[in-house]
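Hi,

Here's the structure I promised to pass on. Have a look at it first, and my notes on the aromatic rings follow below.

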Amino acid sequence: MPISPNQGSTGGGQTVTITGTNLAGATVVHFGSKSATITANTPTSITVTTPSGTGTVPVTVTTPGGTSNPLSFFYVGAPFKSGLSSDSGATAGGNSITINGTGLSTASAVHFGAGSATPTVVNDGQLNVTVPAGAAAGPVGVSVTTAGGTNNGLSYTYVDPPTVDAPNPTSGPTSGGTAVTIPGTGLSTAQSVTFGGAAAPFSVINDITISAVTPPGTAGAADVTVTTAGGSVTATGGFTYVAGPGI
């Protein structure tokens with residue numbers, strides 16, 4: 001007499017189907033000492049809604065013919081999330097993050113606002129998940145659904161991709177050291193600035209301005225790339241390195 005599923009929330013409310021023989025006319029289904037609500041009954045199956053409970057309990061079916069042998073049902077506590085490895089990313093989604101907590105081994109879904117993703121269970125305390133695309137920039141709640149229920153309480157912020165224009169000034173010596181201002185949008189979460197692939201020291205002035213100092217480079221046009229939590233953007237040939245005079 002199998003039972004499916006064989007686990008559910010400690011709060012009860014799980015729909016469970018029990019299959020077997022001679023099940024017609026069931027009068028009671030016990031989960032431990034508590035009775036479940038019978039919602040459907042045929043000679044070969046019974047569908048019930050579980051009562052609340054804890055731990056592993058025996059499940060028995062009583063009909064006019066007697067009481068069945070017991071099956072095991074496992075009550076699972078609600079998950080607890082302690083944190084996200086990254087709490088922001090591009091509205092396009094696609095970045096992988098880790099969710100830490102407890103009671104995560106039966107996780108079946110992770111919701112980011114209205115979007116959802118199927119996680120990879122590492123162990124009871126850790127999930128890996130690829131963030132789905134967001135509807136718009138801004139914070140959304142993050143919830144994890146397991147056999148024990150759904151738990152909320154964490155937030156993830158979707159960030160629009162940045163834009164940049166050519167820096168000011170647009171040229172400087174190959175030795176580097178030129179202080180430039182990079183205008184654009186969505187720059188407040190800037191993580192790196194490069195000139196021709198070389199990293200530059202920078203500071204965020206505001207969401208539309210970055211201040212940077214050019215690293216040494218090779219004479220000629222160099223791409224200027226800014227990477228933020230929302231993605232990367234490049235001003236192609238945005239800065240020109242000028243060779244110094246030689247005599």
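Phe-239 is buried, at 0% relative accessible area; buried here means under 20%, with exposed being over 50% and partly exposed in between (1.4 Å probe, protein chains only). For the cut-offs: rings of Phe, Tyr and Trp (its six-membered ring) pair if their centres lie within 6.5 Å, and planes under 30 degrees apart count as stacked, over 60 as edge-to-face and the rest as tilted. The pair ties together distant parts of the chain, with Phe-195 in strand 23 (residues 192-195) and Phe-239 in strand 28 (residues 231-242), 44 residues apart. Strands (E, at least two residues) are DSSP runs, numbered from the N terminus.

Before you go further: this is a predicted model, where local features need pLDDT of at least 70 and side-chain atom pairs count only at pLDDT 80 or more, while totals for chains, interfaces and linings use all residues. Residues are numbered from 1 along each chain as its sequence is written, and side-chain values use heavy atoms, leaving out hydrogens and water.

Searching the whole structure turns up 6 aromatic pairs. Another of them is Phe-31 with Phe-73: centres 5.2 Å apart, planes at 80°, so edge-to-face. Here Phe-31 lies in strand 4 (residues 28-31) and Phe-73 in strand 10 (residues 71-76), 42 residues apart. Phe-31 counts as buried at 2% relative accessibility, and Phe-73 is buried at 0%. Together with Tyr-75, Phe-31 and Phe-73 make up one aromatic cluster.

Cheers

Note on methods
Helices (H or I, at least four residues) and strands (E, at least two) are DSSP runs, numbered from the N terminus.
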